[in-house]
Amino acid sequence: MNSAIRSLEPKSLWNHFADLNAVPRASKKEEEVIAFMKAFGASLSLEVKQDAVGNVLIIKPASPGMEDRKTIVLQSHLDMVHQKNNDTQFDFATQGIEMFIEGDWVKAKGTTLGADNGIGVATIMAILSSNEMQHPQIEALFTIDEETGMTGAMNLSSDLLTGNILLNLDTEEDNEIGIGCAGGVDVTAERNYKEITTDDTTKIGYKISVKGLEGGHSGIEIHKGLGNANKIMNRLLLDAYENFGLQVSSIVGGSLRNAIPRESEAVVAIDALNEDVFLLEINLLITAIKAEQQRMDPNLTIDLKKINAPKKVMDLGVQEGIIKSLHTAHNGVFRMSPEVEGLVEASNNIAKVQIGNGLVKIDCLTRSSVESSRTDVANSLRSAFELSGCEVSFGGAYPGWKPNRNSPILKVLDDTYYNLNNERAHIMACHAGLECGIIGEHYPSMDMVSFGPTILGAHSPDERVSISSVKKYWKLVEAVLKEIPVK
């Protein structure tokens, strides 16, 4: 299956991508890919360094005739989001990603592809292994744990790099040049609750499953109106609680803070006498929700399965508070930027809901390019969840990247793109967390831009990368390396 990928052009990039995708590389579990990258650098007889947190640096001297150019930092992150469809049998810890070609796209079989940010990593590997490309001295920086905290960038050694131009290869539209991004903060709500015993002589159980949503990147795709499985599930539960006294035994929804949740499952109890009207009412609501989401989530399914009544359910007072807090808590776009047309300024993703065995835990990721509005969204969530007795904590905060339209490397990239494509690239900021803002805190004089090929559906099993776009992007990389200014 992956052999077809290796025949694509540019072959060096795709072969390195296939090699990389054979290595498990979940966030916070990068030991194998760190070893892989260090061995790769050593195989080329290049200088290899690793800092205390696990970031890897490989240094390649300038090609002949380019010794007088400024040193550049090429940067991508090693980790990838691990997501799979429920019916896909796959072990990310032991199996390599199974890729295939469909038209102009490279996809994965039922899992995330790892093009985010594996294509960037493979690009740098192709440059490091080339004996033909013209380039200045390169400091290839491979960071860890970008997807679940950016701890690699956060803890980057301040004396590791000497270059003051950074090319971040983590943008996902091939006609865009990134010059800014959002910061973020994790918002977590938790509480304990008392379980009560179900009267199984009068109660029956149902398992409610929400699945088939498109999901996707909780920053870049938050404005698209994609369904959030946790919000859809909560809508069903609130309606059935208020109309039929539904009682919740457990809820499991979503997985990662930076992925729009695609699936949720709840186990509930209702009075047997209300079963017929409950089914009538909830199916009417299901029909309405599916109609609302038809355009964005055509494969949405909401299933009801009758089961034995669960033995334990939530205390009703706590249940009511949590369901209403989740209904109130903001999800999606909070504010559009008044300064950059079409840019989401602030948003929130209700990413993960876990309720059962006397514990409630709700994970959110709040993003904003403006620190004050990020604080405002986080505080609105804190208020909603504290009203239902939760303890709310903020963690994993990281800064945004302030745009600099006067950046010298931006002009180089913009002009090179125009010369290659006879049109201007879109110079933009994105509503996602890139490592540039954090790296900029460690290296304040660093001049940075971000670019990459077209990748769709990142953070979901529908992730795919355009083959023709990778060719276009590779030509830009080759050309830009030749245009780095002299020292």
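Predicted model: local features only at pLDDT ≥ 70, side-chain atom pairs only at ≥ 80, totals over all residues.
Let's start inside. The largest nonpolar core has 64 residues, and Trp14 and Phe142 are the ones with the most contacts inside it. Which helix gives the most to this core? That would be helix α4, residues 115-129, with nine residues. If you click on Trp14 and set aside its neighbours within four places in sequence, you'll find it in contact with Ile5, Leu8, Glu9, Val106, Ile119, Val465, Ile467 and Val470. Apart from this core lies another one, of 49 residues; Ala266, Ile355, Val360 and Cys390 are among them.

Now, on to the strands. There is an open sheet of four strands, in the order β4-β5-β25-β24, and the pairing is antiparallel. At its edges stand β4 (99-102) and β24 (455-456); each has a single partner strand, so one side of each is left without a neighbour in the sheet. The partner of β4 is β5, residues 105-108: four bridges join these two antiparallel strands. To see how they line up, look for Ile101, which stands opposite Val106 in β5.

For a parallel pair, turn to β8, residues 176-181. Five bridges join β8 to strand β22, residues 426-430, and the two run parallel. Here Gly178 stands opposite Met428 in β22. How many of the six residues of β8 are buried? Five are, and the strand is mostly covered.

Thr143 belongs to strand β6, residues 138-143. Thr143 is buried, with a relative accessible area of 0%. Its side chain makes a polar contact of 2.5 Å with the side chain of Glu435. Leaving out residues up to four places away in sequence, Thr143 also touches others, including Asn55, Gln75, Ser76, His77, Leu78 and Asp79.

Asp363 is in strand β20, residues 359-368. Is Asp363 buried or exposed? Its relative accessible area is 7%, so Asp363 counts as buried, the cut-off being under 20%. Beyond its neighbours within four places in sequence, Asp363 is in contact with Val187, Thr188, Arg257, Asn349, Ile350, Ala351 and Lys352.

For a sense of scale, Val210 and Leu74 are 41 Å apart in space, C-alpha to C-alpha, and 136 residues apart in sequence.

Finally, here is helix α8, residues 316-328. Its 13 residues reach 18 Å from the first C-alpha to the last, close to the 18 Å expected at 1.5 Å a residue. Which residues of α8 are buried? They are Val318, Gln319, Ile322, Ile323, Ser325 and Leu326. Looking down the axis of α8, you see these buried residues fall within an arc of 160°, so they line one face of the helix. On the other side, Gly317 and Thr328 are exposed. And at the start of α8, a side-chain oxygen of Asp315 comes to within 3.0 Å of the backbone nitrogen of Gly317.

Methods
Residues numbered from 1 in each chain as written. Heavy atoms only, no water. Buried < 20%, exposed > 50% of the residue type's maximum accessible area, 1.4 Å probe, protein only. Pairing = 2+ DSSP bridges. Core = buried A, V, L, I, M, F, W, Y, C linked by side-chain atoms within 4.5 Å. Contact = heavy atoms within 4.5 Å. Expected span 1.5 Å × (residues − 1). Arc of directions from axis to C-beta. Polar contact = N/O pair within 3.5 Å; in protein donor to acceptor, adjacent residues only side chain to side chain.
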